[in-house]
Amino acid sequence: MRPFILMILFVSIAFGLSALPEHLAVFSINGLRTQTGIQDRMDIVRDLSSQGVEIYHFNPEYIIAGASAAQLNRYPDMTCRRVIALPSASHLWLVMLVDEADRTELPSHGRVLYDLGREVLLQSGLDEVELRAELRGPFVQLDLKPMRIAPHRLEVSPRTPVPGGDGALKESATTAGQATPMQQKRDVFDLVNAVNADSVLWFIQSLQDFQTRYALAPNRLAVATWIKDQFIRLGVTDAVLHEFQWNNTTQYNVVATIPGTHYPNQYIIVGGHHDSIASGSPMTTAPGADDNASGSTAALEMARVIMSQGYQPECSIRFMTFAAEEFGLWGAKNYSQFALNNNIDIKLMINHDMIANSTQPPTNWNVVLIPYDGSEAHNELTHQLTQQYTVLGTLNGPSNYASSDSHPFWQRGFPAVWFFEAEFSPVYHSPEDITANINPAYAAEVIKASVATTARFAGLPYSPQNVVVTDAGNGTSLRVQWVQPDDPFVGEYKVYYRPVGGSFGNPITVTGTIYTISGLTTGQTYEVGVASVSMNGVESFLTIVSGTPNVIPQTPANFRDEPGFGQVRIVWDANLELDVVGYRLYRSLEEGLIGALVNNTMMTATEFTETDIHDHDYRYWTIQAVDADSNVSPYHTQIRTRQMSLNQGILIVDETRNGNGLNPFQPTDAEADTYYQILTEGYNVSHYDTDTQPLLKLCDLGIYSSILWHGNDASEYSYPYQVREELRKYIAAGGNVFISSCFPNRAFANDIGGPVYPIGSFMPTVLGIGNTYYANNTRFRHAQPQGSGFPPLAVDPAKTIASLNYHIINVESIGAAGNAQNIYFYGSDYAGDTTPGSMNGMPVGVYFQTTAAKVITVSFPLYNMTVDSAQNLINYVFNGLFGETYVSGESSDTPPLNIAISANLPNPFSDRTAFSVTLPKAGVPATIGIYNLKGQLVRTLHRGEIKGPATQLEWDGKDNAGQIAASGVYLIKVHAAGQNASRKILLVK
């Protein structure tokens with residue numbers, strides 16, 4: 001066993017084999033509370049898993065999860081930290097810290113991926129046997145399988161009778177052979193009183209007498225056989241060994257079953273591990289009296305008591321002792337997965353691990369119950385029963401503790417509780433863990449609590465399933481509906497409700513599976529609990545859900561666009577209010593205006609496809625829900641979109657940060673724009689500045705046949721990672737892409753993918769990059785081509801500094817994946833055996849041809865190359881490979897291909913400022929406005945046709961309402977001829 005310090009995982013997807021996501025990440029629960037507004041930890045976990053995130057572990061502060069880049073992009077760094085790419089070649093361990101000395105020791109055994117407080121996520125080449133030899137404390141391998149999460153919160157019903165309580169139970173006739181509550185009360189008292197401390201000591205001593213129960217010792221079969229034979233001797237004749245393979249050995253769980261009288265296919269698992277470990281020579285000496293002969297004894301003594309009393313449980317009780325727990329819970333992992341694979345119905349797993357140490361008098365005895373999220377009601381009822389039937393006080397340990405056999409059951413979706421001693425043994429994992437150092441009377445008292453819990457849960461009906469609360473839409477009613485549990489002895493249901501933060505009143509008795517609660521307060525959120533009631537009057541746990549009665553419908557959720565060729569699909573989620581009759585979908589040609597309904601009749605579907613599109617203009621969409629009384633929801637935030645066509649030439653995506661221009665590695669926006677304008681002269685080019693325009697979407701990219709993406713600064717890399725899924729869609733649709741970026745690994749893989757990227761991840765499948773490498777203090781001057789066509793490239797001496805010997809820095813090596821091609825190699829004027837020249841000959845350019853498109857990535861800033869060499873490359877790529885049309889010798893009076901906004905004067909300004917706008921041609925309708933940095937319209941300056949190619953405008957610093965705008969940065973935005981342009985201006989009052 002292990003001292004309690006760790007906690008672990010959950011997910012609503014079935015536990016089993018699945019394709020691994022791209023990244024392993026750690027989420028901050030407090031960060032998620034701030035971002036989502038969800039406060040309850042389990043609700044946060046449910047919300048995260050509903051988005052497809054695979055949750056592997058969580059404690060009160062952190063969640064360890066697997067996710068794609070698109071999923072992780074929704075969360076800022078303060079909330080989500082990506083730790084490694086998956087799959088990992090090394091083992092991933094969750095290590096519990098016995099004391100602070102363990103924390104300093106861990107780096108010598110592997111790479112600490114994340115410090116989770118009282119536990120650490122460790123990546124190590126050591127296997128469990130090697131790690132066990134190095135660590136005193138507990139550890140468990142992180143299962144990269146999504147956990148199963150209980151869909152609803154359960155609570156103990158206010159009217160759930162507790163046998164032996166305050167007289168609430170009354171004798172009643174037996175119904176269908178079920179024990180009455182009074183009979184249950186007598187049964188529990190008889191079982192509790194039959195637990196015997198001398199019998200407990202005999203079992204513990206007998207297990208200690210094996211000298212060792214170490215999982216790799218040759219006597220492991222003898223130990224398991226002895227335990228099995230004891231169950232048979234006690235009268236539990238259905239006792240077998242459950243074999244499994246671990247570390248090239250056969251291991252043996254012991255399984256002994258008492259069948260239930262009414263529910264033989266429902267099981268309560270009662271157990272603890274029988275293996276032991278100790279410092280020194282565990283192959284010969286590991287007595288393990290407390291850890292964990294005491295836990296195995298709990299199963300044996302409870303079997304003895306139940307058989308001696310002739311108790312017949314309503315559901316089956318399966319006593320188990322587990323093998324190989326000390327190396328990472330392998331016995332419990334094996335059996336819980338077996339139970340999941342074979343649809344074994346486990347009502348509760350009751351674990352016992354280290355329950356025999358106490359130096360206190362009985363008046364001061366306490367026991368610790370380890371709570372698991374999702375099993376809170378089971379833990380609460382166990383507290384009640386322990387306090388009622390024993391002298392023990394109860395304490396809660398750390399949530400979701402992963403270091404004992406209850407954890408794998410909980411991980412696979414089975415409810416679990418765990419009994420643990422309140423006074424941690426000072427001889428833990430030592431040869432001194434013997435019966436002379438335990439308290440058998442204390443252990444017997446803990447076993448009394450467990451036998452009371454087992455008997456009580458054996459007669460508890462299952463809670464209603466799939467409980468759903470729906471807003472009736474009239475502002476005062478909620479409809480509650482559920483699925484009847486598979487239990488022929490459930491005769492009716494109790495429905496409770498309360499305002500959030502309030503208390504439940506008297507329940508409503510319901511015989512069906514649907515009920516409408518009336519007389520509620522509009523806008524008040526209510527918690528609703530539904531309990532099953534057996535024919536003898538015993539209530540199940542409450543299944544808790546919540547709802548809010550409203551008059552006005554909710555705004556439709558998940559409103560989104562899916563651009564296609566010649567069409568755009570608009571999609572949203574259906575509203576759940578009972579009285580919603582349809583939706584109003586609006587389309588506008590101008591941002592900020594609602595526009596017109598797309599049809600005259602009420603829309604009842606949850607999608608709409610626009611196909612009658614004859615231009616490349618953006619359209620702006622919003623939606624409302626409508627109920628039967630013609631109440632309408634608030635408008636959804638507008639989304640912009642347009643069709644795909646891949647026929648409008650080259651889009652230059654300017655992702656280079658606007659620098660100060662003080663050195664060649666921090667170009668200003670104007671310097672970078674001028675450079676790329678020279679390189680692309682003669683091509684049909686449009687521009688997209690990521691500093692001033694909205695976050696790129698597929699609709700922004702999809703009309704262009706090619707993309708020229710440049711990120712020439714070595715200071716900020718978050719943007720490409722945020723939009724890379726849109727880039728993936730664009731390339732899959734057939735768009736060609738050329739990328740020049742410092743550190744592509746940081747830009748497109750968030751600096752966690754290298755040195756080798758997993759198959760199926762973004763870098764190899766979208767960019768054709770299989771690996772990356774970078775060494776500090778290296779110098780780059782030449783990009784040497786390989787293969788015909790690609791021209792040599794050289795650093796422009798005017799765009800570097802003399803102290804670097806006219807080289808540049810921050811050039812990363814990118815190596816082609818198996819289906820791509822290296823096209824450029826690192827060159828410098830330094831010898832390869834020197835630090836500056838140590839990357840000589842490494843690849844710095846990759847050409848990847850997919851089935852639909854061509855993708856070229858170079859890991860050096862094209863901006864710092866000579867214009868002639870860079871222009872040769874651009875012409876070869878865009879004209880020769882991408883097929884873009886190049887027109888040379890254009891006359892000087894050819895109108896500009898794009899919108900141009902002149903610098904405003906004065907800038908900054910306090911009163912008014914003037915600027916000019918030049919359009920591709922005269923007579924073009926245009927919209928020109930001032931926007932704040934949130935993208936909100938402040939002032940419309942012009943809407944309509946502009947007669948000449950250029951027009952003069954000014955802004956007086958006021959908004960559309962005539963109010964003076966606040967000081968700050970604003971954007972001039974122009975939309976005309978299917979194009980957009982913007983420029984920053986500064987207002988200072």
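An open sheet of 9 strands runs in the order β33-β32-β34-β35-β42-β41-β40-β37-β38, with mixed pairing. Strands (E, at least two residues) and helices (H or I, at least four) are DSSP runs, numbered from the N terminus. Two strands pair if DSSP finds at least two bridges between them. This is a predicted model: local features need pLDDT of at least 70, side-chain atom pairs count only at pLDDT 80 or more, and totals for chains, interfaces and linings use all residues. Residues are numbered from 1 along each chain as its sequence is written, and side-chain values use heavy atoms, without hydrogens and water.

- The edge strands, β33 (685-689) and β38 (793-794), each pair on one side only.
- β34 (residues 706-711) and β35 (residues 736-741) pair in the parallel sense over 6 bridges.
- I707 has V737 in β35 as its bridge partner.

**Cavities**
- A cavity is a set of points on a 1 Å grid over the protein atoms alone, where a 1.4 Å probe fits but cannot get out; lining residues have an atom within 4 Å of a point.
- The count is 3 cavities of 30 Å³ or more, a volume being the space filled by probe spheres set on the points, which are joined across faces, edges and corners.
- The largest cavity holds about 60 Å³.
- Its lining includes R213, Y252, H274 and D275.
- α8 (220-233) and β11 (249-258) each supply at least two residues of that lining.
- The second largest cavity holds about 40 Å³.
- Of its 11 lining residues, E22, H23, A749, Y757 and S761 lie nearest its centre.

Terms used
On a 1 Å grid over the protein atoms alone, a cavity is a set of points where a 1.4 Å probe fits but cannot get out, and a pocket is an open set with protein on both sides within 12 Å along at least five of seven lines; lining residues have an atom within 4 Å of a point.
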